[in-house]
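Morning, everyone. Please have a look at it first.

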Amino acid sequence: MEALVAALQDPDTRENALLDLSKKRDMFADLAPILWHSFGVIPALLQEIVSIYPLLSPPSLTNHASNRVCNALALLQCVASHPDTRALFLNAHIPLFLYPFLNTVSKTRPFEYLRLTSLGVIGALVKVDDTDVINFLLSTEIIPLCLRTMELGSELSKTVATFIVQKILSDEVGLSYICATAERCYAVGTVLGGMVTMLAEQPSVRLLKHIIRCYLRLSDNPRARECLRQCFPDQLRDPNFTACLKDDIATQKWLVQLLMQLGYMGDNQTTARGASETTIAPKQVYMLLKPSSVHCPVAVAQRS
């Protein structure tokens, strides 16, 4: 490992070292501290990132260039996820170097891979509950960048971006920030609703789970609850649409809690927006609200 890390410092050997280390990074538990504290390695990785900025606009990123920079990003993700280097990573403001990648709109494979890998670095930061991470991200433009990806990205990129927003919302600081104004609540609610509408044509249970978690957390805030009632998608009150969750008891419970908090639950209760009646039997509600040992879908998704 030490020889590969040293090879990162030499432009002539860097590309092969990036490839080998990115493939083997899970084999080395102490790779992140070694990368951070080795002379010239982090600047070398940042050089890989900034070198492709000119290829972003007009979009001219090749598969080869995308793969190479994504190998560098994979090593930065390793640094971002390690407890001994996470704070150092944030204090150096390294996530800001990734934001130009998230601001791209090209849907070609090189750009999509670049956005997905960049989101993976941010996802590694938020995976562990840490208010310092949330405060840092909220001081940047991460929310609008994630919302953009949630609107325009591939199914996998949408899922990772929605997971990031979910983790930000799960922190009290993040929830307070997004719910500070009706405009922010509506912006997030509108994007979530648009994704639900998209899922009616292109189903994805994995993405739907994260969307429901975001809605549920937003519904904890009074201002957000009022906002959600104005833009809540009818599909989430349609048993035919949510039938895909029949084997996922945990997500069913979250959906029931969400509908209850928004006032959509009850016998033959008509929705606030005049949609068709949605009825869930009381016995079913209580069964769904009972504690279970089912693993959290977020954790399962992250392990996979």
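I'll take the cavity, then the aromatic pairs, then the charges over rings. One caution: this is a predicted model.

Cavity first. How many cavities of 30 Å³ or more does the count give? One. The largest cavity holds about 40 Å³ of space.

Who lines the largest cavity? On the list are T104, V105 and R115, then R148, T149, L152 and G153. Which helix gives the most to that lining? Helix α10, residues 142–152, with three residues. Now sort the lining by class. Two residues are nonpolar, three are polar and two are charged.

On to the rings. The structure has three aromatic pairs. Take Y53 and F101. Their ring centres are 5.8 Å apart. Their planes meet at 70°. Edge-to-face needs an angle over 60 degrees, so at 70° this pair is edge-to-face.

Where do the two partners sit in the chain? Y53 is in the loop between α4 (41–50) and α5 (63–81). F101 is in helix α7, residues 99–102.

Buried or exposed? The partners fall into separate classes here. Y53 has 27% relative accessibility and counts as partly exposed. F101 has 0% and counts as buried. The cut-off for buried is under 20%.

Next pair: Y215 and F232. The centres are 5.2 Å apart, with 65° between the planes. That is edge-to-face again. Y215 lies in helix α14, residues 205–218. F232 lies in the loop between α15 (222–231) and α16 (239–242). So the pair ties together parts 17 residues apart in sequence. Both Y215 and F232 are buried.

This pair does not stand alone. Y264 joins Y215 and F232 in a cluster linked by ring pairs.

Keep Y264 in view, and turn to the charges. Which residue lies over the face of Y264? R237, at 4.3 Å from the ring centre.

The charged end of R213 sits over the ring of W254, 4.3 Å from its centre.

Methods. Residues numbered from 1 in each chain as written. Predicted model: local features only at pLDDT ≥ 70, side-chain atom pairs only at ≥ 80, totals over all residues. Heavy atoms only, no water. 1 Å grid on protein atoms, 1.4 Å probe; cavity = no way out; pocket = protein on both sides within 12 Å on 5 of 7 lines; lining within 4 Å. Points joined across faces, edges and corners; volume = space filled by probe spheres on them. Helix = DSSP H or I, 4+ residues; strand = E, 2+ residues; numbered from the N terminus. Nonpolar A, V, L, I, M, F, W, Y, C, P; charged D, E, K, R; others polar. Phe/Tyr/Trp six-rings, centres within 6.5 Å; stacked < 30°, edge-to-face > 60°. Buried < 20%, exposed > 50% of the residue type's maximum accessible area, 1.4 Å probe, protein only. Lys NZ or Arg CZ within 6 Å of the ring centre and 35° of its normal.
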